[in-house]
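Hi,

Here is the structure I promised to pass on. Have a look at it first, and then read my notes below.

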Amino acid sequence: MIIKEVTMRKMKMSLKDPFTTSFGTFQDKDFLLLEAKDELGNTGWGESVAFHSPWYSEETLETNLHMIKDFLLPLVLGKEIGHPDEVNELFSAIRRNNMAKSTIEGAIWDLYAKRNKLTLAEALGGKQEKIEVGISIGIDEDMDRLVETVRGFIEEGYKRIKVKIKPGFDVEVMRELRRNFPDVPMMADANSAYTLEDVDLLKQLDEFNLTMIEQPLASDDIIDHATLQKQLETPICLDESIHSLEDTRKAVELGSTKIINIKIGRVGGLTESKKIHDYCMEHGIPVWCGGMLESGIGRAHNVALTTLPNFILPGDTAGSSRYWEQDIISPEVIVEDGYITVPTGYGIGYEPDLEAIDQFTVETMHFKA
Ligand code: OSB
Ligand code: MG
């Protein structure tokens, strides 16, 4: 296939409710959408998961725009591409900027699957027809309201509850949630809010039988996490620290992590996600699919990836209605009894809703081979 044309849009959507993590609060969601067209007129869609500000990672919407426009698109436009796995190689001279790379690579995977009359899940080698999902819940200092929020999502069927924690909002919060929901699979995500000086505090979390604690220490660390894991019963799951298969191998060899959260954007795309998945499967490390408050386009890629066999733990891929009054795909992603049924249409399997997309578009850019 030859990528002849690319349309990029700057989008602005608004979350239904603010979402708070240890590093900040999200309300607006600004992001990039990319549509790639081949020489036969097939199209594929990708979403950049970079946020407006560099809090979760160093990438932002604007750095992604710059990288895509000035460095990455020139490497793919007009080139003959046999398989999306080749995109990674075309980008190999460019260091990092994984979310920018993944935006293009994701669109090319969707395009490739459509062109070959496959679902994206099939193109990736995924077999599961439905996937199990959990939900991520932001920091809310009003404990009664937090308990009710959790109760509501459990009643909706979500299979696992993840709660954001930070210093001063941790042990007592988990104790109260465990008291209210003794049997629900539960985990905590610290988004790098602690250091090794907090070992005694983090050890207190062992009492609550959490499925895992996600990224307790620095976002660029894999050494201290290994030290911490030796002192914790609760499995550590790395998120921010993992950008590649190589990072995964080192963290697993060091004993820094027992579970991996795979985010397609963070690791540079679906090809690298698959490699990490395969490595973890060989090494008995379960994986799950993280979320970045995606619109339906990014969410659809997450659903397809999660059909691979080592996605054993429920992901953060909640339904469209978790964050959006109106999503930009049709039908929206629906969660029933904690499961998403994998769509059977070609490519990502959900239709981009062009009217809704136009409604949230701030700027449109066109590129040609
Ligand atoms: O650490 O997984 C994270 C949201 C924004 C930034 C980082 C994270 C999150 C979430 C929510 O936990 C994931 C989602 O529901 O899309
Ligand atoms: Mg996380």
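Let's start with helix 5 (residues 143-156) and helix 6 (residues 171-180), whose axes come within 11 Å and cross at roughly 45°. Keep in mind that this is a predicted model. Helix 5 and helix 6 are therefore oblique to each other, and helix 5 passes helix 6 in a right-handed crossing. On the helix 5 side, the contact is made by Met143, Val147 and Val150, while helix 6 brings in Glu176, Leu177 and Asn180. Sorted by class, the residues of this contact between helix 5 and helix 6 are four nonpolar, one polar and one charged.

**The two domains**

Zooming out, the protein is split into domain 1 (3-118 + 351-368) and domain 2 (122-341). Their C-alpha centres are 23 Å apart. Where they meet, 37 residues of domain 1 are in contact with 35 residues of domain 2. Several elements each give at least two residues to the side of domain 1 that touches domain 2, among them strand 1 (3-21), strand 2 (24-38) and helix 12 (354-360). Helix 3 has the largest share of that side, with nine residues. The classes there come to 19 nonpolar, ten polar and eight charged residues.

**Around the ligand**

Which residues surround ligand 1? You'll find Thr21, Tyr56, Ser136, Asp189, Asn191, Asp239, Gly290, Gly291, Met292, Leu293, Asp316 and Ala318 there. This shell around ligand 1 has four nonpolar, five polar and three charged residues.

Cheers

Terms used
Residues are numbered from 1 along each chain as its sequence is written. Chains are lettered from A and ligands numbered from 1 in the order in which they are written. This is a predicted model: local features need pLDDT of at least 70, side-chain atom pairs count only at pLDDT 80 or more; totals for chains, interfaces and linings use all residues. A residue is near a molecule or strand if its C-beta atom, placed from the backbone, lies within 6 Å of it. Ala, Val, Leu, Ile, Met, Phe, Trp, Tyr, Cys and Pro count as nonpolar, Asp, Glu, Lys and Arg as charged, and the others, Gly among them, as polar. Axes are lines fitted to C-alpha atoms, for helices over the stretch in contact, and angles run from 0 to 180 degrees between N-to-C directions. Helices (H or I, at least four residues) and strands (E, at least two) are DSSP runs, numbered from the N terminus. Angles under 35 degrees count as roughly parallel, over 145 as roughly antiparallel, 65 to 115 as roughly perpendicular and the rest as oblique. A crossing is left-handed if the near helix is turned anticlockwise from the far one by less than a right angle, and right-handed if clockwise. Two residues are in contact if their C-beta atoms, placed from the backbone, lie within 7 Å. Domain bounds come from an automatic or database domain assignment.
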